[in-house]
Amino acid sequence: MKERIQSLLEEIKGLNATHQEMVEKLRVKYLSKKGEIAVLFEEFRLLSPEEKREIGQLLNELKNAAQDKVAQLKASLTETGSRDETHDLTRTASPIEIGTRHPISLVKEEIIDIFSRIGFTVAEGPEIEDDWHVFGALNFPPEHPARDMQDTFFIEQNPDIVLRTHTSSVQIRVMKKQKPPIRMLFPGRVYRNEAISYRAHCFFHQVEGLYIDKDVSFADLKQDLMFFAKEMFGESTDIRLRPSYFPFTEPSAEMDISCNLCGGKGCPFCKYTGWVEILGCGMVDPNVLENCNIDSSVYTGYAFGMGIERITNLKYQIKDLRMFSENDVRFLEQFKSAY
Ligand code: DAH
């Protein structure tokens, strides 16, 4: 009897099933009232007390092993009742398409990544703003043309509430809340009342930079922007700062980079100048600091603002701005390899 139990135990250990019905058949064969193990228990009753002690233990082990095996086989089969290790029947029939990052998001992340290496952190502000944050606190004179109905979207006939026309408004929000040192980037969407064409849109994206501390100079601004240009467009990129005017910076400048298409030799893209403009910048006007209760006799700072679409156009040579908001998958799919 011992040998029969032993060989049955081996048999049960090696059992396998590919369907739930097979498992049920095995259960009946070994574990039902008339199953093989029940038969052995019948015979067991006739044994002497000494034999019973030894065989009883073996029999119980056999029964437990059979019960465990049946439970294990049941659990290993899928809901459909069959096990097929080469095919996952729960998968969709059509191929799974991996999505892509939008080029504007890619470039925004890259800008943030570059400036984060020189200590910049990120904050955001509201797209619906009041006149003071978008214009007043930024030193725009009351009659400044940028406040004109042509450029600005106003909300519900209330001329005090506007869609922000630039991310410079976030400078004000941050400086009102936080004391220097401040070294931050403000990315976001901005709106302007422009006719939509291949080179203008009624909304686009900017990244604003702000660095306020004691002894921040124009040399810091130039050095940091040069670092950015070389990281973004390559080590051989040159920069050039041209004097300009913004109400919120004094002095102000616009920055060009050497045309990355022709390497500065001159081509239709750079209108044969060898240079392309990428951002506006300058030293934060003392009036702006004072408007935010920052002592302009103690602190100085620089600011810059760039259009993300513009940087993206330069990096990927996208000729039509409308592509960014049309959600044409043939356009978006091209950025698959970027991540
Ligand atoms: N806000 C400006 C614009 O939308 C860009 C800009 C220029 C931002 C100079 C700045 C700056 O911070 O210093 O055209």
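Reader: Into which domains is the protein chain divided?

Author: Domain bounds come from an automatic or database domain assignment, and here the protein chain is divided into domain 1 (2–80) and domain 2 (103–335). The C-alpha centres of domain 1 and domain 2 lie 77 Å apart. Residues are numbered from 1 along each chain as its sequence is written. This is a predicted model, in which local features need pLDDT of at least 70 and side-chain atom pairs count only at pLDDT 80 or more, while totals for chains, interfaces and linings use all residues, and side-chain values use heavy atoms, with hydrogens and water left out.

Reader: Which residues come nearest to the ligand?

Author: A residue is near a molecule if one of its heavy atoms lies within 4 Å of it. Of the 15 residues around the ligand, those that come nearest are His166, Ser168, Arg192, Gln206 and Glu208. The shell around the ligand divides into five nonpolar, eight polar and two charged residues, where Ala, Val, Leu, Ile, Met, Phe, Trp, Tyr, Cys and Pro count as nonpolar, Asp, Glu, Lys and Arg as charged, and the others, Gly among them, as polar.

Reader: Which polar side-chain atom lies 2.8 Å from an oxygen atom of the ligand?

Author: A polar contact is a pair of N or O atoms within 3.5 Å, and the atom you ask about belongs to Arg192. A polar side-chain atom of Gln171 lies 3.4 Å from an oxygen atom of the ligand, whereas one of His166 lies 3.0 Å from a nitrogen atom of the ligand.

Reader: Which elements give two or more residues to the shell around the ligand?

Author: Helices (H or I, at least four residues) and strands (E, at least two) are DSSP runs, numbered from the N terminus. The elements in question are helix H7 (168–177), strand S6 (203–213), strand S9 (275–284) and strand S10 (300–307).

Reader: What is the phi of Tyr272, and where does Tyr272 lie?

Author: Although Tyr272 is not a glycine, its phi is positive, at about 60°, and Tyr272 lies in the loop between S8 and S9.

Notes: A polar contact is a pair of N or O atoms within 3.5 Å; within protein, one must be able to donate a hydrogen and the other to accept it, and residues adjacent in sequence count only if both atoms are side-chain atoms.
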